[in-house]
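Visitor: Hi, could you walk me through this one? I'd like to talk about pockets and helix packing.
Guide: Happy to, let's bring it up.

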Amino acid sequence: MESNSKHIVLRTKNLAIGYSDKSSTTYIAQELNITLEKGKLVCLLGKNGIGKSTLLRTLSKTQHKLEGDILIDEENLLKITPARLAQKMSLVLTEKTPENQLTVYELIALGRQPYTDWLGRLSKEDIQKVNQAIELVQIEHIANKKNYELSDGQLQKVMIARALAQDTDIIILDEPTAHLDLHHKIEVFKILQDLVNKTDKTIILSTHEVNLALQLADELWLMTENKFTSGTTESLIESKDLEKLFPKDKIYFNSELKQFTLKK
């Protein structure tokens, strides 16, 4: 008999995010209650400055939460050591990698640091994970190139492969297509969708590529000034929450085409 239990990989309870110092606290979003199943491609949408990066940094413990709880596999994030968190969650940021002499293979192999000994020696399993990541992202042809020889699109694939080699259940990406042309934006989205389908990993990314997200994401997270909403594209069309994502005087959401267009 099959079990109906779902693997909840990430959960938040009354989470508040923002910034705090000795004199004041700035809330960006409050009472965020998120429940995320394993094996989903999640796209976080919202206008510039709404707090998407702040949310991702808070979920990945690179920024302190203000209130509430974050649970990874039902364990409180505060109780997870950095070493164990690196085996549960990997992070790909928008900042470009500093120029160095590392090859693509060596850069991806850095994803195995949470598992290697203090000398950083790769075991047979480490090598297998690196090779598997290279194969899944389909970058075998550039594996021996120096990282400074890569185009922006190639480098983004390498960073995805490094996160994949880290072998975490959750991969978080902040604007992974920000510096790419349309062709490479679509290519990266398709790679991420295929990785979810092939590996059952959970991938969360913030993006301004709204129309691509509507077509490819399993789940959408919408951030507006007054509300956080999650659901499938279809459910958010039905609830009309997608229509509230951008100012109506400039951008129109066509529910039949499932696309945002400029208002005439």
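**Pockets and helix packing**

Guide: Keep in mind that this is a predicted model. Let me begin with the second largest pocket: by class, its lining has five nonpolar, three polar and three charged residues.

Visitor: Which residues line the second largest pocket?

Guide: One stretch is Ile 28, Ala 29, Gln 30, Glu 31 and Leu 32, and the other is Met 223, Thr 224, Glu 225, Asn 226, Lys 227 and Phe 228.

Visitor: And where does the largest share of that lining come from?

Guide: From strand S2, residues 25–32, which supplies five residues. The space in this second largest pocket is about 160 Å³.

Visitor: OK, on to the largest pocket. What volume does it have?

Guide: Its volume is about 250 Å³.

Visitor: How many residues line it, and which lie nearest its centre?

Guide: There are 16 lining residues, and Ser 90, Leu 91, Gly 111, Arg 162 and Gln 166 are the ones nearest the centre. By class, this lining has nine nonpolar, six polar and one charged residues.

Visitor: What gives the most to that lining?

Guide: Strand S7 does, with four residues. Both S7 (89–92) and helix H5 supply at least two residues each.

Visitor: Let's switch to helices, then. At what angle do H5 and H6 pack?

Guide: H5 (residues 152–165) and H6 (residues 182–199) pack at about 15°, and their axes are 10 Å apart. Since angles under 35 degrees count as roughly parallel, that makes H5 roughly parallel to H6.

Visitor: Is that crossing left-handed or right-handed?

Guide: The crossing of H5 and H6 is right-handed.

Visitor: Which residues meet there?

Guide: On the H5 side you'll find Gly 153, Gln 156, Lys 157, Ile 160 and Leu 164, and they meet His 184, Glu 187, Val 188, Ile 191, Leu 192 and Leu 195 of H6. By class, this contact has six nonpolar, three polar and two charged residues.

Visitor: How does H4 pack with H5?

Guide: Helix H4 (residues 124–137) packs with H5 at an angle of about 140°, with the axes 8 Å apart. That angle makes H4 oblique to H5, and their crossing is right-handed.

Visitor: What makes up the contact of H4 and H5?

Guide: H4 brings Lys 129, Val 130, Ala 133, Leu 136 and Val 137, while H5 brings Lys 157, Ile 160, Ala 161, Leu 164 and Ala 165. By class, the contact of H4 with H5 has eight nonpolar, no polar and two charged residues.

Technical notes:
Residues numbered from 1 in each chain as written. Predicted model: local features only at pLDDT ≥ 70, side-chain atom pairs only at ≥ 80, totals over all residues. Heavy atoms only, no water. Axes fitted to C-alpha atoms, helices over the stretch in contact; angles between N-to-C directions. Parallel < 35°, antiparallel > 145°, perpendicular 65-115°, else oblique. Left-handed = near helix turned anticlockwise from the far one by under 90°. Contact = heavy atoms within 4.5 Å. Nonpolar A, V, L, I, M, F, W, Y, C, P; charged D, E, K, R; others polar. 1 Å grid on protein atoms, 1.4 Å probe; cavity = no way out; pocket = protein on both sides within 12 Å on 5 of 7 lines; lining within 4 Å. Points joined across faces, edges and corners; volume = space filled by probe spheres on them.
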